[in-house]
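This briefing goes with the sequence and structure shown below. Please read the points alongside the model.

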Amino acid sequence: MPLTDNELKKMVKGYIKENSPELADEEPTISEESYEIAEGVQRKLGLRMPKSTRKVKVLTYKKMVTAEDGAKIPIVARVTVDENGNIVKTTGN
Amino acid sequence: MVNVSASRKLTIDLRGPTGQDFDLIYFNLHRGEDSANWYGQEGSSYPVAFSPDNIKDADVKNAVVCSEACYGANIVDKGVDDAISLKFLARNAACFVGSTKIAYGPADPPSTEADLLVLKFFMRIKEGMTFGEAFMKAKQDFARESIAARGGLDGTEEKTLIEFVMFADPSSKMEEA
């Protein structure tokens, strides 16, 4: 049975707390992604790739922070988990 | 090459220790969509790390500049005093590569997203390709390597391919620019 959003959030919470503490109190958005690219992009790149059936969930934590001069800058962390809740990729800005 | 990945405010002398100009300049900083400056990060503090003023008197002629800052190449409604990308070009840098939107990268190796694309671009430039060819090949290299690693491109990898742009004469090479 697939993990619920709440279960996913609980599983990723420790990672966010440790690696992006400034985002620990943010509520993530959760989306499903598959590893594929549009036909047009493939053509532009001169690549052919098979259609992927692998689906993952991506938890995106985002907030706007204020820099020392008052500018607003985005801080984002994205955590990708597989169907078992294992973190398979992390990225941020 | 000078690598600017800073947490504190910098005063950067864009000349090498022996007086020669740097030819490759790399930034890994933050930027907001409408801010003129680029920022470091120290905990929850975001100090100004680099501003257009830092290059107002710098000799960056023919330099190749890559920035991984979010919005590093956003020039919508911007002039030379509120976009570092345009300031570099106004100071006769040969090439500027940056992102028009939020740019992503890993906290730890291996390189992915912006880190990987910039790495591939520098490698192609070093091979002597024109800026245009190097940028196109870097994107192809990036796509191939990302697909090999995960069997496809995810959302941030696809966005990286699309949002990174180059401002340069595409037919120029680093040594000819």
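This is a predicted model: local features need pLDDT of at least 70, side-chain atom pairs count only at pLDDT 80 or more; totals for chains, interfaces and linings use all residues.

In it, helix α2 of chain B (residues 113-126) and helix α3 of chain B (residues 131-150) pack at an angle of about 135 degrees.

**Helix pair in chain B**

- Two packed helices are described by the angle between their axes and the distance between the axes.
- For α2(B) and α3(B), that distance is 8 Å.
- The crossing in which α2(B) passes α3(B) is right-handed.
- From α2(B), the residues in the contact are B:L116, B:L117, B:K120, B:F121, B:R124 and B:I125.
- They meet B:A134, B:F135, B:K137, B:A138, B:K139, B:D141, B:F142 and B:E145 of α3(B).
- Sorted by class, this contact of α2(B) with α3(B) holds 8 nonpolar and 6 charged residues, with no polar ones.

**Chain A: layout and dimensions**

- Chain A contains 2 helices and 4 strands.
- Read from the N terminus, the order of elements in chain A is α-β-α-β-β-β.
- The radius of gyration of chain A is 16 Å, whereas a compact globule of 93 residues would have one near 12 Å.
- The C-alpha trace of chain A spans about 45 × 40 × 15 Å along its principal axes.
- In chain A, 24% of the 93 residues count as buried.
- Among contacts in chain A with a separation of 6 or more, 48% are between residues 24 or more positions apart.

**Contact between chains A and B**

- Chain A gives 29 residues to the contact, and chain B gives 33 residues.
- On the chain A side, the elements that give two or more residues are α2 (39-45), β2 (55-66), β3 (72-81) and β4 (87-92).
- Of these, β3(A) gives the most, with 6 residues.
- The side of chain A that touches chain B has 13 nonpolar, 8 polar and 8 charged residues.

**A:T66**

- A:T66 is found in strand β2 of chain A.
- A:T66 has 12 other C-beta atoms within 10 Å; a residue with 12 or fewer counts as exposed, so A:T66 is exposed.
- A:T66 lies 41 residues from A:D25 in sequence, and the two are 17 Å apart in space, C-alpha to C-alpha.

How values were computed: Residues are numbered from 1 along each chain as its sequence is written. Chains are lettered from A and ligands numbered from 1 in the order in which they are written. The radius of gyration is taken over C-alpha atoms; the globule rule is 2.2 Å times the number of residues to the power 0.38. A residue is buried if 20 or more other C-beta atoms lie within 10 Å of its own, exposed if 12 or fewer, and partly exposed in between; C-beta atoms are placed from the backbone. Two residues are in contact if their C-beta atoms, placed from the backbone, lie within 7 Å. Ala, Val, Leu, Ile, Met, Phe, Trp, Tyr, Cys and Pro count as nonpolar, Asp, Glu, Lys and Arg as charged, and the others, Gly among them, as polar. Axes are lines fitted to C-alpha atoms, for helices over the stretch in contact, and angles run from 0 to 180 degrees between N-to-C directions. A crossing is left-handed if the near helix is turned anticlockwise from the far one by less than a right angle, and right-handed if clockwise.
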